Amino acid sequence: MVDVIMPALGMAQDTGKLLQWLKQPGDPVAVGDQLFEVETDKSVMEVEASEAGFLTQVSASDGDEVPVGQVIAVISATADNVVAAAAPKPAPVPDSVAEPQKTHVAPVAATVPAAAPMSSTGASTGRVLASPKAKRLAKEQDLDLGALAQAGHPQPYHVSDLEVLRSLPVIGASPSGQTVIMVATKQITARCPRQGSRDFIDWMETDGAITVVPTAIFASFAAGAFRAATEAALVVVQVSGPDKDDVFLRNPDYSRLSVPAPETDDDATFVLHDLSDSFLTSLRLGDTTLPTLSIGADGDSYAITFEFSSEHMVDDQAIAFVSGLARRLADPLHHLV
């Protein structure tokens with residue numbers, strides 16, 4: 001049985017604020033498991049266990065300000081004594097904290113990273129509180145946690161807040177030095193079986209002596225799915241592919257598949273990359289100028305990738321678009337009826 005104490009995470013730290021327990025009383029604990037988060041005057045740390053057992057006798061609650069060295073839980077060999085004896089409130093904060101007695105030195109390893117900036121590219125200026133894991137992931141992914149603070153997102157930040165950070169517009173600089181906002185690209189991927197489209201092409205060829213190429217199916221089905229999701233009156237598909245010149249098709253879902261859709265000079269509604277005859281299965285271009293759809297062949301499946309931003313459409317529309325397209329490709333009769 002070993003004590004869990006509030007660790008000293010700084011040279012001049014007298015207390016630590018227990019933000020939240022990451023284990024519940026009675027939970028099994030392995031060496032290295034994160035037990036709780038503590039906030040100091042500089043950062044938020046996650047405290048790990050250095051002994052295995054069960055977390056018991058928890059005597060401090062989330063939000064408590066706890067003096068350094070105070071026992072706040074016990075790691076026991078069994079979960080029999082889960083409840084704290086008296087669940088005492090934290091002791092008053094002393095003016096100065098004496099060195100913990102050796103008998104109270106808990107075998108808890110606290111990860112104490114340096115108070116480094118949140119991101120190598122961060123534009124933030126104020127203090128940002130975040131867990132070490134959130135900091136590490138943000139740095140690895142070149143994300144600026146300061147942007148969350150600038151957006152008013154409440155601190156401290158955890159890994160789950162990185163998803164919010166990714167959805168924020170990215171502030172950059174134009175070649176002229178002016179500040180611009182680059183809208184974040186979102187991506188939806190899907191897979192559907194190819195057999196339905198294959199059978200449909202064979203059926204058109206055998207019973208109707210009509211030759212239908214996959215690109216025509218992709219453009220028609222994609223335009224139909226986009227119109228159903230957004231209620232757009234005009235859909236112009238910019239069809240692109242490796243070793244092919246781009247063509248702009250006006251409302252291809254209104255044309256018969258055996259007849260080429262009319263070309264137009266109108267601006268494209270979205271770009272369609274037909275990769276089915278190439279070794280490519282998907283594209284992730286990160287270009288938010290236009291919504292970009294790619295369809296590639298991967299074994300017996302079509303791989304669908306759709307990139308868009310909030311400037312183009314709302315998430316529900318994008319999801320409905322990709323879902324509707326996959327449904328049409330899997331069962332072409334769904335599109336024709």
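Does Phe306 count as buried or exposed, and at what relative accessibility? In this predicted model, Phe306 counts as buried because its relative accessibility is 0%, below the 20% cut-off.

## Aromatic contacts of Phe306

Phe306 lies in strand β17, whereas Phe321 belongs to helix α6 (residues 315-330), so their pairing ties together parts that are 15 residues apart in sequence. The ring centres of Phe306 and Phe321 are 4.9 Å apart and the planes stand at 75 degrees, so this pair is edge-to-face. Both residues are buried.

By the ring-centre rule, the model contains 8 aromatic pairs. In one of them, the centres of Phe306 and Phe308 are 5.5 Å apart with planes at 10 degrees, so the pair is stacked. Phe308 is likewise buried, its relative accessible area being 3%.

Six strands form an open sheet with mixed pairing, in the order β12-β17-β16-β15-β13-β14. Its edge strands, β12 (186-193) and β14 (244-250), each pair on one side only. On average, neighbouring strands are turned by 20 degrees against each other, direction ignored.

Within this sheet, β13 (residues 236-241) and β15 (residues 270-274) pair in the parallel sense over 4 bridges. Ser240 has His273 of β15 as its bridge partner.

## Helix α5 across the sheet

Helix α5 (residues 214-230) lies across β13, β14, β15, β16 (292-298) and β17 (301-308). The helix runs at about 150 degrees to β15.

Technical notes: Residues are numbered from 1 along each chain as its sequence is written. This is a predicted model: local features need pLDDT of at least 70, side-chain atom pairs count only at pLDDT 80 or more; totals for chains, interfaces and linings use all residues. Side-chain values use heavy atoms; hydrogens and water are left out. Two strands pair if DSSP finds at least two bridges between them. Helices (H or I, at least four residues) and strands (E, at least two) are DSSP runs, numbered from the N terminus. Axes are lines fitted to C-alpha atoms, for helices over the stretch in contact, and angles run from 0 to 180 degrees between N-to-C directions. Contact means heavy atoms within 4.5 Å. Rings of Phe, Tyr and Trp (its six-membered ring) pair if their centres lie within 6.5 Å; planes under 30 degrees apart count as stacked, over 60 as edge-to-face and the rest as tilted. Buried means under 20% relative accessible area, exposed over 50%, partly exposed in between (1.4 Å probe, protein chains only).
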